[in-house]
Protein chains: 2
Amino acid sequence: MLNKNPSTRTDTMTQTYTLEQIKTVCCQLDLSSEIEAGFVAYSAGQVKVPPVGELCFTEPPGDTHIKYGYIKNDDYFVIKIASGFYQNPQLGLPSNSGLMLIFCQKTGIPKALLLDEGYLTDVRTAIAGAISARYLAPENPSAIGVFGTGIQARMQVQYLKDLYPCRKVVAWGRSKESLHAYKADMSSMGFDVQTTNDPERVTAQCDLIITATPSSQPLFDAQLVREGTHITAMGADTPTKQELDAKLFTRAELVVADSIPQCIERGEIARALQTGTIDKDRIQELGSIISSQTSARTAPEQISIADLTGVAVQDIQIAKAVFAQLQAQTTSYA
Amino acid sequence: MLNKNPSTRTDTMTQTYTLEQIKTVCCQLDLSSEIEAGFVAYSAGQVKVPPVGELCFTEPPGDTHIKYGYIKNDDYFVIKIASGFYQNPQLGLPSNSGLMLIFCQKTGIPKALLLDEGYLTDVRTAIAGAISARYLAPENPSAIGVFGTGIQARMQVQYLKDLYPCRKVVAWGRSKESLHAYKADMSSMGFDVQTTNDPERVTAQCDLIITATPSSQPLFDAQLVREGTHITAMGADTPTKQELDAKLFTRAELVVADSIPQCIERGEIARALQTGTIDKDRIQELGSIISSQTSARTAPEQISIADLTGVAVQDIQIAKAVFAQLQAQTTSYA
C-alpha cells in the first residue's frame, strides 16, 4: 500500500558515521566475502559502474577520484570520493582522505554518509590484494615482497596474514627513515621484516610481491622476477603511473585485471597494451576467476600478475556491509 | 611556516549543515552576484568542470547526476549530487533530493556537507533563469508564461519578482489539480495567475516564457511564439528530454547556452543541432553575454532562447557562499 502522508523525518534523514564508528564495525564483518561477491557480480555484468570521475590539481599536486555505481536491483547505490594530496604530510595532514555516500536505489534519497577519511578505501584495496593472492599466488609463499612503505605496503601484507603462515617480508623503499618505520610497525604485528633499497633483493627471495608505490616508472627489471611468482600491482591507478616493467607481461602466463575496461585505460595493463607486450584477449577479470571455482594457476612455475586499479563495486560492497552493521548496532542499542 | 604536528581534529573535521540552517543563510546572501561571477569565470575558461556523472534507474525510473569542479586557484572544490525520482510523491517523498560537498582545494580534505535536500540546486537553477531574463528578456515584460506546475515553475517566477514590476502569470499544465495548487501558492505571493491547458493562451499573452517540465516532446509549436519573446528553457537536462520545437531555433536571433559543451550534448540545443535548425557558431554562452556588458538584445522584436542545463559552477558558487555564511554565523555565536 502506498503511503500518501508527507515524508517523515526518518524517511529523508541522512545518518552520518565517524571513522571511529566505522572502524569498530569493520572488525566484526567478513568483508572479504562481500568484496568477492562484488567482483563476481561485476564480471557477470550485474553492476553499473560509470567511468571514474576525476579532478586533478597542480598547486599543490593532488587528485580526487569519484567512483560510483550500483548492483542492479539492489537496495542502495554508492558514491565514493577519495583524494590523494601527497604534500599533506608536510602540513601534518594525512595524504589520503575521503568519504562514502549511500543512497536508496528506489528513491535517490541519501541514507548515510560514512566519514571514513579514506579508511574504507584502504581496507577494500587491501582485501582485493588478498583476494588476488588467494586465487593466483603460490599456495604457500616462501616470502612476501613489498615495494613501498606507505599505508598499502602495510595493509596489503597484513591482510595476507589469515591466508598464509608465511611471516617473512622483504620491503623495498627509497627512504631509510620510512623503511625503519615500516620495519618497526610490521615487526610489532608479528612479521619478520628485512628492508632494502635494492629491488633484486626482493625479487630474488619472494614469490609473492606487492607493488604499492605512486611510481611513474618501472620499479624493477622484468628479468629479475623468479618463475612461479605472483605480483599484485596496486599502486598505479592513473594513466601516467607505472610500477611494472611492461616486458614482464611477455613472461606472465596469467594476467588478471580487477576491471578490464578500467585497466585498459589506466594502470599496468594500459602501459603493456601501449608497448604491445600483451594482447587484449589474454586479460582475464578477477570476478570471472573467482566464479570459475578452478585454480587459475595451472603450473607452479607460472608468473601471474593482478593489476588492481580499484573498482566502484568494492566501494559499493564495503559501504553497504558497514552501513548495515552500523544500523544493526544502533537498533540493538535503542 | 609548516606545521609538523599531527592533524588536529579541526583540520580534518567535516561540518554537516541541515536544510534549515542552509535556508536561513540563503536569505542573507546576494546569491545572484555569486552565480553571475561563476558564469563569467566559466566562460573565461577559469573553471574546471569535468563531464557530468550520471546514474540512471528504471524500476522505478530515476536519475542521479554528479556535478563537480572548481575555479582555478580558489579555496575549495565542490561535488554536488542531485537525484530526481518522479514516483517519490506516491510514497510521500519529494521527487528531488541531493546534497553538496565542499573540499579544500589544497589538501582534498572534506570541509562541509550541505544536506540541502536539493534546495540549493532549486535556488541556483531559479537564479540562472533570472540572470538569463535580466540579460536577454524584454525590459518590461507584459506577462510571464510558465509551462509546468512544479517547484521550478514556482521558483523561476518568484526569482523574477525583484527584476520586473510585472505580476501577471499565465501557467500551463496538464493536471487541473496541479494548476489549482499552483494558482493558490503563487497568488499568495502576490502574482495574478491565469491557468490553462492550451499552450496558445501562454504564447499569445506572454513575452517572457519559462519552460519547466520533464517533457520529452515539444510543448508548443514554434509559430505560436510572438515576436520579441524571451524563452528560458530549463526543464530538459538529459539527451532525451525536450521542451521546445526545434524549428523555434530558426526564428530565434539570440540563442544562449549556460554551457556550450554541455548544451551540445543535452537539452534543447542538442535537439536543434540534431535536426539542423541551428549552427553551432550561432550559440553564445551566458557568461560571455554577462561579461560583454552590452545588451544582447539589439531589437525589440527579436526572439531569444536561454537553454539552461545546469553547470557545476553554479553549484560551486552557491555552496561556497552558503558555507562561508554558515561559518561566519558559527564564529559570531561562539
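Mentor: Before we begin, note that helices (at least four residues) and strands (at least two) are DSSP runs, numbered from the N terminus, and that the model before us is a predicted one.

Trainee: Where in chain A is the place of Ser215(A)?
Mentor: In chain A, strand β11 covers residues 208-211 and strand β12 covers residues 230-233. The place of Ser215(A) is in the loop between β11 and β12 of chain A.

Trainee: Does Ser215(A) count as buried, exposed or partly exposed, and why?
Mentor: A residue is buried if 20 or more other C-beta atoms lie within 10 Å of its own, and exposed if 12 or fewer do. Because Ser215(A) has 17 C-beta neighbours inside 10 Å, it counts as partly exposed.

Trainee: Which residues does Ser215(A) touch, not counting residues up to four places away in sequence?
Mentor: Residues up to four places away in sequence are left out of this list. With those set aside, Ser215(A) touches Gly235(A), Lys241(A), Gln242(A) and Glu243(A).

Trainee: What is the radius of gyration of chain A, and what would a compact globule have?
Mentor: Chain A has 12 helices and 15 strands, and its C-alpha atoms fill a box of roughly 70 × 45 × 40 Å along the principal axes. A compact globule with 334 residues would have a radius of gyration near 20 Å, and chain A agrees with this, having 20 Å.

Trainee: What percentage of the residues in chain A is buried?
Mentor: The share is taken over the 334 residues in chain A, and a residue is counted as buried if 20 or more other C-beta atoms lie within 10 Å of its own. On that count, buried residues make up 51%.

Trainee: Which element supplies the largest share of the side of chain A that touches chain B?
Mentor: The contact takes 45 residues from chain A and 45 residues from chain B. On the side of chain A, several elements each supply at least two residues, among them α1, β3 and β7. By class, that side has 22 nonpolar, 17 polar and six charged residues. Its largest share, five residues, comes from β4(A).

Trainee: Within chain B, how is α3(B) oriented relative to α4(B)?
Mentor: The axes of helix α3 (residues 31-43) and helix α4 (residues 119-136) of chain B come within 10 Å and cross at roughly 75 degrees. Angles of 65 to 115 degrees count as roughly perpendicular, and therefore α3(B) is, relative to α4(B), roughly perpendicular.

Trainee: How do the residues of the contact of α3(B) with α4(B) divide by class?
Mentor: From α3(B) come residues including Leu31(B) and Ile35(B), which meet a group in α4(B) that includes Val123(B) and Ile127(B). The residues of this contact divide into seven nonpolar, one polar and two charged.

Technical notes
Residues are numbered from 1 along each chain as its sequence is written. Chains are lettered from A and ligands numbered from 1 in the order in which they are written. This is a predicted model: local features need pLDDT of at least 70, side-chain atom pairs count only at pLDDT 80 or more; totals for chains, interfaces and linings use all residues. Axes are lines fitted to C-alpha atoms, for helices over the stretch in contact, and angles run from 0 to 180 degrees between N-to-C directions. Angles under 35 degrees count as roughly parallel, over 145 as roughly antiparallel, 65 to 115 as roughly perpendicular and the rest as oblique. Two residues are in contact if their C-beta atoms, placed from the backbone, lie within 7 Å. Ala, Val, Leu, Ile, Met, Phe, Trp, Tyr, Cys and Pro count as nonpolar, Asp, Glu, Lys and Arg as charged, and the others, Gly among them, as polar. The radius of gyration is taken over C-alpha atoms; the globule rule is 2.2 Å times the number of residues to the power 0.38.
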